[in-house]
Amino acid sequence: MIKKLLLIILIIQNIILYAQDVFNYYNKGKEAAFNENYEEAIFFFKKSLEINKNFVDPLIELAKIFYELENYDYAYDYINKAIKLETNKENLTIFSADIEVKLGRYDIAEKKYKSILEKDPLNLSAYNGLANIYLLTGKYSLAKKSLDEILKTDQNNWLAISMMAKYYEMYDKKKAESYYIMNIERNSLNPESYSQYSIYKFNNNDILGAVDNIEMALKISDKAKYKKIYAKYLLFLNR
């Protein structure tokens, strides 16, 4: 009886240590990813998966990192592994469709977004995904219609406002700029609001305006991509 009890205690201790190791590596990966130390983050997430290959969270985080690094094939592989293990697949399916778009597989992405909307007609992320496909494939009237519907439901939707600005860049520069400004006013804590407006300014030969806006983005977030844009502008000014 005592031997059986000791064996049970030993098994429980091993399970606890096993779980601690899994989450220890995962949490280290999250911290590294937050600090944009992607190589370190990838190492720790993979270590957690070596212990438990069915742990969904590190698979999702790896997909996000490779998406950020524009390595969309790897991102696709990891998100598909996560989808097979996850019971609530809606958000992962949308992310999978986002990756399909980056890989140029628009038809597949469109089917995925529409499959989400069949189950959840008010899913704005799926609507945004469709609008993006319509813009990329030149279906501008469909894009405009989708964006109008999104903004009726959520007038502060950052992505919809951003795409509306891009839509109007083709037809009406002043109206396009008004949407970039609207995004800053309604989403002032999102560094991408300033980053996108800075790119618009740069492309329209307002270099000082571009610098001002990327500096605002950097005040909110010191991400490497904003530093890279800022360095580009400074090089341009100092030609």
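1. Helix α8 covers residues 140–153 in this predicted model. The helix has 14 residues and spans 20 Å from its first C-alpha to its last, close to the 20 Å expected at 1.5 Å a residue.

2. Which residues of α8 are buried? They are A143, K144, S146, L147, I150 and L151. Viewed down the axis of α8, these buried residues fall within an arc of 165 degrees, so they line one face of the helix. As background, an α-helix has 3.6 residues a turn, so residues three or four places apart point the same way.

3. The face of α8 turned away from the buried side carries S141, K145, K152 and T153, which are exposed. On the buried side, the cover includes α7 (124–136) and α9 (158–169). One lysine, K144, is listed among the buried residues of α8, whereas K145 and K152 are among the exposed ones.

4. Turning to the aromatic residues, the model holds 17 aromatic pairs. One of them is formed by Y26 and F45: the ring centres are 5.7 Å apart, the planes stand at 50 degrees, and the pair is tilted. Y26 belongs to helix α1 (residues 2–34) and F45 to helix α2 (residues 38–51), and the pair links distant parts of the chain, 19 residues apart.

5. Are Y26 and F45 buried or exposed? Y26 has a relative accessible area of 10%, which is under the 20% limit, so Y26 counts as buried.

6. A second pair joins Y180 and Y197. Their ring centres are 6.1 Å apart and their planes are at 20 degrees; the angle is under 30 degrees, so the pair is stacked. Y180 lies in helix α10 (residues 173–186) and Y197 in helix α11 (residues 191–203), so the pair ties together parts 17 residues apart in sequence. Both Y180 and Y197 are buried.

7. Two arginines lie over aromatic rings. R105 is placed over the face of Y76, at 4.8 Å from the ring centre. The charged end of R239 sits over the ring of F236, 3.9 Å from the centre of that ring.

Methods. Residues numbered from 1 in each chain as written. Predicted model: local features only at pLDDT ≥ 70, side-chain atom pairs only at ≥ 80, totals over all residues. Heavy atoms only, no water. Phe/Tyr/Trp six-rings, centres within 6.5 Å; stacked < 30°, edge-to-face > 60°. Helix = DSSP H or I, 4+ residues; strand = E, 2+ residues; numbered from the N terminus. Buried < 20%, exposed > 50% of the residue type's maximum accessible area, 1.4 Å probe, protein only. Lys NZ or Arg CZ within 6 Å of the ring centre and 35° of its normal. Expected span 1.5 Å × (residues − 1). Arc of directions from axis to C-beta. Contact = heavy atoms within 4.5 Å.
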